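Please look through the sequence and the model shown here before reading on. The paragraphs that follow lead from a sheet and the helices across it to other strands and helices of the chain.

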Amino acid sequence: MLRLPLWQTIAILGVIVFGIILAAPNFGSREDGTSYVPGQTVNLGLDLRGGAYLLLKVDTDESVAKYMNGLRDGALKSLRNAKVKYFPATEEPGRITVKPRDPSHLDKAGRAIIGISNDVIVSIDEVNQQIVIEMPEDQQEALITDIIAQTIETVRLRLDPNGVREISIQRQGKDRVLIQLPGVEDTTADKVLITQTAELWFSFLNDNVGASAAVIPRNHTVMEAYSEGETQNPEKHLVEDEKIIIGEMLVDARQDFNEGRPVVAFRFNNEGGREFCKATRNGVNRRFGIILDSRVISAPVIQSAICGGSGIITGQFTIQGAKDLAILMNAGSLPAPVVVLEERTVGAGLGADSIKAGTIACILGFIFVLIFMALMYGSFGMFANVALIANLVLILGLLSILQATLTLPGIAGIVLTVGMAVDANVLVFERIREEYIRLGKAAQAVKNGYSNALSTILDANITTLIATILLFVFGSGPVQGFAVTLGLGIITSMFTALLLTRMLIGFWVNPQKSDTLPI
């Protein structure tokens with residue numbers, strides 16, 4: 001059958017119409033009252049549009065101190081297990097000293113602490129009768145490097161969870177991180193996502209003693225309730241210091257709805273699921289606090305044991321607030337506090353001239369391809385030209401709906417796609433021509449041409465697509481921008497060349513009336 005089934009024809013036309021709807025906002029201004037659905041346009045990169053520039057300072061000193069505190073606690077625990085009494089430990093940057101109360105226990109204390117960590121040197125100071133735990137300079141530098149790398153990755157996950165915004169994040173100096181946000185003018189929301197430490201844990205609340213009590217019980221802390229904006233006289237809670245579940249046990253969090261209200265749905269790993277089940281089973285009728293950066297974001301009363309390893313966080317959330325909270329929970333906590341040192345607008349490095357040059361290149365390449373196809377393949381070439389126009393519309397629509405960032409290399413990918421998009425049509429048309437010469441029947445030649453060329457087309461495009469995926473996965477910045485547009489172009493060109501063009505040819509060729517092909 002030369003013509004495609006009716007359902008396939010409707011599906012092809014539906015995809016084209018949907019692509020036009022997605023691409024339409026890029027050709028008009030929403031400020032003039034025009035309403036588009038969904039109304040998203042292509043993001044332009046820093047090299048085309050400019051954006052925001054943020055310089056962060058990572059508090060690496062606090063992180064090193066926190067790491068050393070952990071080693072101190074581990075060392076003191078080892079001494080207690082070895083039944084060695086000691087004086088309070090003294091701390092200096094990168095150095096901890098512990099002195100046994102009984103000098104005869106000095107060697108015993110040293111043996112108890114000696115294997116505490118491979119990152120520090122444990123030595124016995126016999127003159128001062130103490131144990132010295134010291135982190136060498138090179139180990140401190142390695143720790144700081146790891147902290148900066150973790151900070152960059154966490155910030156990237158928060159700002160660009162889908163990996164399509166083309167955000168540039170890189171280390172600068174010892175403890176600085178430079179962030180460039182393409183197309184961003186107001187960085188308020190981004191700064192909140194960046195600077196929030198996002199340390200998450202679950203603890204019980206103490207309702208028997210109010211947070212306003214004159215004397216706070218031991219092992220309890222007063223914490224304010226979480227809110228998205230500034231709140232006058234926020235509610236306060238008395239939280240037990242024991243952390244029942246920590247953020248590292250979280251597997252996934254996402255914005256959802258419960259009874260029409262925005263919530264955050266979350267899921268634990270196996271360990272977290274067991275602890276959550278145990279806590280809710282033993283804490284029926286108690287309030288279970290969900291704490292983020294020492295603020296209680298939700299404090300539900302446990303009605304019954306919850307053993308499915310998942311739950312929801314309710315509160316006075318907006319949809320965007322719930323989405324931001326889910327992003328923070330998924331990205332994890334920052335390994336060190338960060339502050340914004342500098343913020344300014346980044347001007348377009350290439351700007352209007354680059355857009356103009358890229359546009360001219362696209363138009364010229366497009367025109368030359370159209371002329372070539374029309375001259376070489378006549379009416380069939382015109383069908384291929386229609387498919388090429390549809391191909392560009394689909395690329396633009398996909399870039400809009402994915403909110404991918406278009407950079408100058410991305411424009412180069414589109415220009416390359418224009419040339420590659422007709423490759424499949426050229427292969428098919430040449431096979432049709434060969435079959436027509438051999439058989440002399442138009443309809444049969446078209447059928448054979450498409451079936452015989454299919455495997456070659458798939459092989460060529462799939463291998464190119466694999467290379468494009470590798471460029472996106474292992475590349476960064478401009479390389480990823482090129483890979484995104486080229487990859488989308490390969491997918492859309494396969495659709496338009498193998499389906500749209502065949503549909504048009506099927507309508508044109510009438511096997512009952514003509515056995516001639518204008519090709």
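Helix H2 (residues 60–81) lies across S3, strand S4 (95–98) and S6, running at about 20 degrees to S4, where helices (H or I, at least four residues) and strands (E, at least two) are DSSP runs numbered from the N terminus, and where lying across rests on contact, meaning heavy atoms within 4.5 Å. Such angles are taken between axes, which are lines fitted to C-alpha atoms, for helices over the stretch in contact, and they run from 0 to 180 degrees between N-to-C directions. This is a predicted model, in which local features need pLDDT of at least 70 and side-chain atom pairs count only at pLDDT 80 or more, whereas totals for chains, interfaces and linings use all residues. Residues are numbered from 1 along each chain as its sequence is written, and side-chain values use heavy atoms, with hydrogens and water left out.

The sheet in question is open and consists of four strands in the order S3-S4-S6-S5, with antiparallel pairing; two strands count as paired if DSSP finds at least two bridges between them. Strand S3 (90–92) and strand S5 (121–125) each have a single partner strand and stand at the edges, so one side of each is left without a neighbour in the sheet. On average, and with direction ignored, neighbouring strands of this sheet are turned by 20 degrees against each other. Between S5 and strand S6 (residues 130–134) there are five bridges in the antiparallel sense, and Glu134 in S6 is the bridge partner of Ile121. Helix H3 (residues 106–113) lies across S5 and S6, at about 25 degrees to S6.

Another antiparallel pair is formed by strand S2 (residues 51–58) and strand S8 (residues 176–182), joined by seven bridges, with Lys57 opposite Arg176 in S8. Seven of the eight residues of S2 are buried, that is, under 20% relative accessible area, with over 50% counted as exposed and values in between as partly exposed (1.4 Å probe, protein chains only).

Turning to helix packing, helix H4 (residues 137–159) and helix H5 (residues 188–195) pack at an angle of about 140 degrees, with their axes 9 Å apart. H4 and H5 are therefore oblique to each other, since angles under 35 degrees count as roughly parallel, over 145 as roughly antiparallel, 65 to 115 as roughly perpendicular and the rest as oblique. Val155, Arg158 and Leu159 in H4 meet Asp190, Leu193 and Ile194 in H5.

Finally, the buried residues of H7 include Gly321, Leu325 and Met329, and H7 is followed by Gly332, whose phi is positive, near 90 degrees.
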